[in-house]
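Please look at the sequence and the structure together while reading the paragraphs that follow.

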Amino acid sequence: MNDAMRPAQRTYVGPRYGVERQLRNIWSDIVGVAEVGVHDNFFDVGGTSVMALQVLSRIKSEFGYDIPLAAVLQAPTIAGLAMLMRGSATTEPTPLVTIRHGGDEPPIFCFHPLGGSVARYFSLARLLGDRQPVYGLQALGLFDGALAQRSIPQMARTYAEQILRVQPRPPYRLVGYSLGGTIAFETARLLAQRGAAPPLVVLIDTEFTYPPFDTAQLPYTALADFALKVDVPDGAFDGLDREQTLRAIFDVAVRQEVIGPDFPIARLESIYETVAGTLTAVAEYQPGPYSGPVVLIRSARETPTDEGAPADLGWSTVAPAVRTHFVGLGHFVIMEAKGAARIATMLRPYLDGVPAA
């Protein structure tokens, strides 16, 4: 790794008063790191989106504060959360999340996958270096009280407006992991239609199209498998209605210590609505033509589901300028440390304006 891609070293500042010490103890228990400074980023010290849910559950239990996940994404430090709990900071409902601020390079905008959160991008953002600002677009309805969106063009309009507020002029660089790549692609088309230079689109293990889902249980399975990452036996939801299924998922998540028993069931319902809305949106979406640069980064060269499919998974039928790369890791680990490091290396020539051969 070159120096430009190394994460910045922050001076350690220990907890200064009671609330910060309690938050440090919660983080240490859940992440497993003893020395956590009040300005350390939760995701830099090993936190994950599932661990963030556990932190929020502990905060609810020990302090009585019902803090949304967006707060951890917008203020991912002990000092930041302590300020929120003292009422001296706010988190306005917004799909835009600052993942890494500062730097003089054009920003990167990362689009949420199925679960609605952008926490999967924190490792990649850290590896891209201090000069690279990174923003995330998380799903509306994910704990903010808004209605979940069920159309890819609708999501693209919402996210394009957020991007233009941060960066009124090109060049635009859009990144999407899994289903997030589909949203990034449509947002790029919209920005180009509005007169912007066609953005660079990076699709990370994104299928070209998805078949319509015809089972009422798929959103629940996706909630358990992808959003919460809990193990649920096959057939566990058979014969259950919506309320019973969510309660069953809640009970499994508590038993597996993904969330605590005080975790609000309403929060789980909002995650479900986001997952269901995104599934509906993607199943109904057909990509249109796009003339801008597209980079497809695939997990493995061949998988059981794409036997006989072209290397670019069919994206070249709508985007002629597709370049395909292979990371050689599975879909569910491609955004973790090793995969993120490989992706960062693959992306650097494109971000610097010199496409890889």
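Ser 299 is found in the loop between strand E6 (294-298) and strand E7 (322-326). Helices (H or I, at least four residues) and strands (E, at least two) are DSSP runs, numbered from the N terminus. With a relative accessible area of 5%, Ser 299 is buried; buried means under 20% relative accessible area, exposed over 50%, and partly exposed in between (1.4 Å probe, protein chains only). Leaving aside residues up to four places away in sequence, Ser 299 touches Asp 205, Phe 326, Val 327, Gly 328, Leu 329, Gly 330, His 331 and Ile 334. Contact here means heavy atoms within 4.5 Å.

The model is predicted: local features need pLDDT of at least 70, side-chain atom pairs count only at pLDDT 80 or more, and totals for chains, interfaces and linings use all residues. Residues are numbered from 1 along each chain as its sequence is written, and side-chain values use heavy atoms, with hydrogens and water left out.

Now take the chain as a whole. It has eleven helices and seven strands. Of its 357 residues, 55% count as buried. Among contacts between residues at least 6 apart in sequence, 74% join residues at least 24 apart.

How many salt bridges does the count come to? A salt bridge is a side-chain nitrogen of Lys or Arg within 4 Å of a carboxyl oxygen of Asp or Glu, and by this rule the count comes to twelve. One of them joins the side chains of Asp 104 and Arg 131, at 2.9 Å from N to O. Asp 104 lies in the loop between strand E1 (96-100) and strand E2 (108-111), and Arg 131 in the loop between helix H5 (122-127) and strand E3 (134-137), so this pair ties together parts that are 27 residues apart in sequence. Asp 104 is exposed, with a relative accessible area of 59%, while Arg 131 is partly exposed at 48%.

Another salt bridge lies within a helix. The side chains of Arg 189 and Glu 186 meet at 3.0 Å, N to O. These two residues are three apart in helix H7 (residues 179-193), which means that about one helical turn separates them. Both Arg 189 and Glu 186 are buried.

A further salt bridge, at 2.5 Å from N to O, is formed by the side chains of Arg 242 and Glu 273. Arg 242 lies in helix H9 and Glu 273 in helix H10 (residues 265-283), so the pair ties together parts that are 31 residues apart in sequence. Arg 242 is partly exposed, with a relative accessible area of 34%, and Glu 273 is also partly exposed, at 28%. Elsewhere, salt bridges that share partners join Asp 104, Glu 105, Arg 131, Arg 348 and Asp 352 into one network.

Two packed helices are described by the angle between their axes and the distance between the axes. The axes of helix H8 (residues 218-228) and helix H9 (residues 242-255) come within 10 Å and cross at roughly 25 degrees. That makes H8 roughly parallel to H9, a label for angles under 35 degrees. On the H8 side, Tyr 220, Leu 223 and Leu 228 meet Arg 242, Thr 245, Leu 246, Ile 249 and Ala 253 in H9. By class, this contact has six nonpolar, one polar and one charged residues; Ala, Val, Leu, Ile, Met, Phe, Trp, Tyr, Cys and Pro count as nonpolar, Asp, Glu, Lys and Arg as charged, and the others, Gly among them, as polar.

Methods: Axes are lines fitted to C-alpha atoms, for helices over the stretch in contact, and angles run from 0 to 180 degrees between N-to-C directions. Angles under 35 degrees count as roughly parallel, over 145 as roughly antiparallel, 65 to 115 as roughly perpendicular and the rest as oblique.
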